[in-house]
Amino acid sequence: MEMTSAADLDALLAIDPPRARLWDNDPGLYWATLDGATWGLDNPVAALSLPALRHNIADIAARAGGVPIRVASKSLRVRPIIDALVRLDNVVGVLAYDLAEAIWLATDTGDRAGIDDVLLGYPTANRGAIGDLCANPQALQRVTLLVDSIEELDLIDSVCPPGSRDEIRIAIDLDASLRLPGVGDLGVLRSPIHTQGEAVSLASAIVARAGFRLVGVMSYEAQVAGVGNDVPGKTLENHAIRAMQGYSMRELRHRRSRIIDEIGQLADLEMVNAGGTGSIEATAKDRSVTDIAVGSGYFGGHLFDNYQHFQPAPAVGFGLAVVRKPRRDVVTCHGGGWIASGPPGVDRLPRVVWPAGLEYQDREAAGEVQTPLRGEAAIGMRVGDRVWLRHTKSGELSERINSMTLVDDDAAVGEAPTYRGEGKAFV
Ligand SMILES: Cc1ncc(COP(=O)(O)O)c(C=O)c1O
């Protein structure tokens, strides 16, 4: 199948989202359709349903209520799709995860225009990439590095001192966790910059330092954006999590807006990025935020099935070939052990979605090369048939396959290479 051109991708994404949500109303038909559309392609096959992607794009825009989106590239890792999303009216740029990636995304090449607003969402200590940035005037204008300490600026200067390069654009990582006395920090352990005093002191140091320009702040409320609040069978925990999330957003809106006001006195802030797929509407209420990071909501990895206030369509799935039948009611698939990052647990396994009713075996689960699955549905299956699964995370699947097949209604209409397919391995 031919790789889909940028113009074709734009046209495909411009079509109105479907009114009927086949993935909810008749999941069996939805997955069978993806299977039929990709039939004959080599396994493993990854499919991106364009109707489901269009639904997610529209839903994300509606949830953001007019606040621009910044695409979190780590949760896609498919460059043509990232580029196409950035060309949408409501998207301002990319939140990248690695400096070498950010430079690659931002730089024009003969056949591809670079993205002009790339914020690195994590600090870097990659000396080679820092050297590449300093030697690339276009990337220096388009890429913003994220820091949460002076030490990180020292490291940059040790590779290319201020006199030898243009100014480097800098954003501060402001800790968005909720600090509760007696409970501890709720959120992710990232930036040490939490209080107004800490933020203003770091901002002042950056502003006073040669070779850097403070242009933004990023602050990711993981405890809201990345924690499911409607997990089946956990009624009490869900209530507690929703209460914590509401409180945390109130605390954060208050603290963040004060901090942004103060830093805004010291520097011309071009961007204040925050949020993630799970917090879009809550983050949009924060007036200090200029754009909301969203990645997973586009592809809809199954980690995002357990939220009360939104349900992304499962736009991406992958099909594995049945290679043997060790028992009448067992099919063994080739591959499958694509375990997601994060705290180890059953939720890190790919979810078997089609045919319905197939289950992992406790002693093997999803294996490195072989995955046996047991269930009634296996009885009628044969060698060469396919089983469909969803990855837990939305971007990690792209590290396992070279391309995604684009499926519109019941036909494969194109293909898009993943980062891996383009020979890019960042983290
Ligand atoms: C810095 C940052 N911003 C935003 C996000 C949200 O990404 P997603 O929409 O894929 O959950 C993440 C995810 O971990 C992140 O690390």
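Me: On a 1 Å grid over the protein atoms alone, a cavity is a set of points where a 1.4 Å probe fits but cannot get out; how many cavities of 30 Å³ or more does a search of the whole structure find?

Reply: In this predicted model, local features need pLDDT of at least 70, side-chain atom pairs count only at pLDDT 80 or more, and totals for chains, interfaces and linings use all residues. Residues are numbered from 1 along each chain as its sequence is written, and side-chain values use heavy atoms, with hydrogens and water left out. The search of the whole structure finds four such cavities.

Me: What makes up the volume of the largest cavity?

Reply: A volume is the space filled by probe spheres set on grid points joined across faces, edges and corners, and for the largest cavity that space is about 80 Å³.

Me: Which residues line the largest cavity, and how is its lining divided by class?

Reply: Lining residues have an atom within 4 Å of a point; among them here are Asp173, Asp175, Val188, Arg190, Met218 and Tyr220. With Ala, Val, Leu, Ile, Met, Phe, Trp, Tyr, Cys and Pro counted as nonpolar, Asp, Glu, Lys and Arg as charged, and the others, Gly among them, as polar, the lining has five nonpolar, three polar and three charged residues.

Definitions and conventions: 1 Å grid on protein atoms, 1.4 Å probe; cavity = no way out; pocket = protein on both sides within 12 Å on 5 of 7 lines; lining within 4 Å.
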